[in-house]
Amino acid sequence: MRNIVLATLLLSASACGNAGGKSMPASTPLVVIDGQSAVNYGQVTMGTPSINVSDLPARQEVIRTNTSCRTPRASGNARAAYVYTYSGGIRTPLHHINRKDTPEAIAERKAMIRERTKNAKTAMQREALGTAIGNAVNNARQIEVLVTETDAPVFLYLTSYDSVLWNIQRAPGVDIDGVVINSYEAGAIANGVDASRTGIISFDNSPTRKCYVSAPGRVIPVEGRIASAKKLNPNVDLSRYEKQWQQEYRDAKRFYGQDIKNLTGKRPEWILDNARDGEFNAILVGPKPTAPFEAQAITRLQIPSHITPFWGTRKDAYKAFGLNAES
């Protein structure tokens, strides 16, 4: 029954979504490793196909999530990349709720929302109800992972807090050794690799919650944090924060030194994070190519097994999950 519900939700999006999608602007700055020159999206890839709301781009492939914390690790000849962001910037048509749904659960949820809407007497109560409904449905944000390293296979360990659709784009000659995504809200992978070399970990209502590893943020020396704070207020007294910042610095150094190696199997050659700058839309794993490569359409879409996904508009996702009392 659950498989039927999942298939129905995914297929029904083509009938109720609206056409259109967003392409990545050529001027989008890419996140690169420290010391690498600034690069824009259009300097690396061109002809990016937009994600269409009305059409599921590829048949979804379910990646099993269970209580095991075992994930693929980098092969002996591979190079590892570690990525962290809080979220991505571009909305996608991929929505989900953090459970496997059934027709009975949808009908029950619909009746409950209808009753609570009827009993919401004040504007505050209606707003609280709307917030609760909105928070029940997660929307994946898109991040482009542009891989140009061709001297060795590349292993990708991609982490975030929010739900992210990681769209992997390969330059000619690139070999992806494996992909692991680790997020608080369940994420998904576009254009990934075989399931045997794929791992998906998430925390919220997931069998893999004990396996979730949160990133500590950038490694910023205490002196740097003090200098930044004094730029804002030269007279501020920061003495009470110094011990806390020193510990955070030690924790971050340990994480980026040994812990990432334990996660990937290799000391990463690329560490790409955004604790200074907020969310980002695209990253570069490898050198800037001599000429932009042609971007690939999404031909593989991998989803964790413990969620119920929906491809389409947010309004239609509410209806599909029984979160619209009028449907």
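Where does Asn191 lie? Asn191 sits in the loop between strand 9 and strand 10; helices (H or I, at least four residues) and strands (E, at least two) are DSSP runs numbered from the N terminus. This is a predicted model, in which local features need pLDDT of at least 70 and side-chain atom pairs count only at pLDDT 80 or more, while totals for chains, interfaces and linings use all residues. Residues are numbered from 1 along each chain as its sequence is written, and side-chain values use heavy atoms, with hydrogens and water left out.

Asn191 is not a glycine, yet it has a positive phi of about 60°. Its relative accessibility is 4%, so Asn191 counts as buried (buried means under 20% relative accessible area, exposed over 50%, and partly exposed in between, with a 1.4 Å probe and protein chains only). Asn205 also has a positive phi, of about 55°, without being a glycine. Asn205 belongs to the loop between strand 10 and helix 4 (222-232), and with a relative accessible area of 42% it is partly exposed.

Next come the charged pairs. Side chains of opposite charge can pair when their charged atoms come close. Searching the whole structure turns up 5 salt bridges, each being a side-chain nitrogen of Lys or Arg within 4 Å of a carboxyl oxygen of Asp or Glu. In one of them, Glu61 pairs with Arg300, and the closest N and O atoms are 2.8 Å apart. Glu61 is part of strand 2 (residues 60-63) and Arg300 is in the loop between strand 13 (293-294) and strand 14 (301-304), so this pair ties together parts that are 239 residues apart in sequence. Arg300 is partly exposed, at 26% relative accessible area.

Glu269 and Arg79 form another salt bridge, at 3.5 Å from N to O. Here too distant parts of the chain are linked: Glu269 is in the loop between helix 5 (239-264) and strand 11 (270-273), and Arg79 is in strand 3 (residues 79-85), 190 residues apart. Both partners count as partly exposed, Glu269 at 46% relative accessibility and Arg79 at 26%.

Arg197 and Asp177 meet in a salt bridge as well, with 3.0 Å from N to O. Arg197 comes from the loop between strand 9 (188-190) and strand 10 (198-202), Asp177 from strand 8 (residues 176-183), and the two are 20 residues apart. Arg197 is partly exposed, with a relative accessible area of 24%, whereas Asp177 is buried at 11%. Through shared partners, salt bridges also join Arg79, Glu149 and Glu269 into one network.

Now for helix 2. Its 17 residues (103-119) should span 24 Å at 1.5 Å a residue, and the end C-alpha atoms are 25 Å apart, which agrees; the expected span is 1.5 Å times one less than the number of residues. The buried residues of helix 2 are Ile106, Arg109 and Ile113. Seen down the helix axis, these buried residues fall within an arc of 65°, so they line one face of helix 2; the arc is that of the directions from the helix axis to the C-beta atoms. An α-helix has 3.6 residues a turn, so residues three or four places apart point the same way. On the other side of helix 2, Glu104, Glu108 and Lys118 are exposed.
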